[in-house]
Amino acid sequence: MALASIAKGSKWLFNKSLKLSLPHLHHPKPNTPTPVHSLLPPEASTNDEFRLVFRYLDTDGNGKISSDELQAYFASMGESMSSDEAQRVVTEFDEDGDNLLEFAEFVKLMERESEGEDDDIKRAFEMFEVEKGSGCITPRGLQQVLNRLGKEKSGEDCEAMIRAFDLDGNGVLDFYEFNKMMTPRA
């Protein structure tokens with residue numbers, strides 16, 4: 001979920017797995033993060049998810065997230081983040097100069113993370129889209145890419161893989177179906 005340069009902004013966080021997950025909250029597998037959306041009612045918005053994560057990160061309850069709180073979050077997720085790295089992220093999004101992230105600033109951070117994730121999914125889709133510009137991933141194209149990656153699969157295997165996420169039953173994956181496959185919600 002390769003460490004990118006912090007100078008490029010919050011892309012670093014995307015590469016550090018800043019997902020909307022909270023560690024160890026009544027999850028069936030020990031040491032497995034609980035997806036935030038599973039803790040909210042189905043009608044909850046993305047903003048509700050952000051607010052829940054924000055409250056979790058705000059360990060001292062002051063309504064702001066410090067670089068120490070951000071660093072502690074990554075430690076709880078099994079990732080390392082130096083004090084300098086955490087401070088650079090906070091500084092990038094801190095609009096009022098108090099060296100802390102208020103909720104609105106945190107939302108901007110998370111929205112930028114989502115944009116980066118979408119870009120990564122688009123690049124991945126394009127890699128599997130063997131017939132460039134076709135807007136779909138075919139079983140044959142999937143097989144070619146997997147074979148290049150050293151993951152030999154038969155044509156039948158690739159058809160079955162696509163069938164599992166082919167929502168409209170046309171035998172190929174369009175970007176929407178690929179995106180659903182890459183960003184599952186429990």
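View 1. Helices here are DSSP runs of H or I with at least four residues, strands are runs of E with at least two, and both are numbered from the N terminus. This is a predicted model, in which local features need pLDDT of at least 70 and side-chain atom pairs count only at pLDDT 80 or more, while totals for chains, interfaces and linings use all residues. Residues are numbered from 1 along each chain as its sequence is written, and side-chain values use heavy atoms, with hydrogens and water left out. Back in the helix, which spans residues 139-148, the buried residues are P139, G141, L142, V145 and L146. "Buried" means under 20% relative accessible area, "exposed" means over 50%, and "partly exposed" is in between (1.4 Å probe, protein chains only). These five sit on the same side of α6, because they cover an arc of only 160 degrees around the axis. That arc is taken from the directions that run from the helix axis to the C-beta atoms. As a reminder, an α-helix has 3.6 residues a turn, so residues three or four places apart point the same way.

**View 2. The whole protein, for orientation.** Step back and you'll find eight helices and four strands. Starting at the N terminus, they run α-β-β-α-α-α-α-β-α-α-β-α. The protein has 186 residues, and 36% of them count as buried.

**View 3. The largest nonpolar core.** Which residues touch the most other members of this core? Out of its 19 residues, they are I65, L70 and F106. A nonpolar core is a set of buried Ala, Val, Leu, Ile, Met, Phe, Trp, Tyr and Cys residues joined through side-chain atoms within 4.5 Å. Two or more residues come from each of α2 (46-57), α3 (67-76), α4 and α5. Helix α5 gives the most, with five residues.

View 4. Searching the whole structure turns up five aromatic pairs. In one of them, F128 and F178 are tilted, at 6.2 Å centre to centre with 50 degrees between the planes. Rings of Phe, Tyr and Trp (its six-membered ring) pair if their centres lie within 6.5 Å; planes under 30 degrees apart are stacked, over 60 edge-to-face, and the rest tilted. The two partners are 50 residues apart, with F128 in helix α5 (residues 103-128) and F178 in helix α8 (residues 175-182). F128 counts as buried because its relative accessibility is 14%, and F178 is buried too, at 2%. Ring pairs also join F125, F128, F175 and F178 into a cluster.

View 5. E177 belongs to helix α8. This residue is buried, with a relative accessible area of 2%.

View 6. R51 lies over the face of F103, 3.8 Å from the ring centre. A charge counts as sitting over a ring if NZ of Lys or CZ of Arg is within 6 Å of the ring centre and within 35 degrees of the ring normal. Then there's N99, in the loop between α4 (83-93) and α5. N99 isn't a glycine, yet its phi is positive, near 65 degrees. Is N99 buried, partly exposed or exposed? Its relative accessible area is 39%, so N99 is partly exposed.
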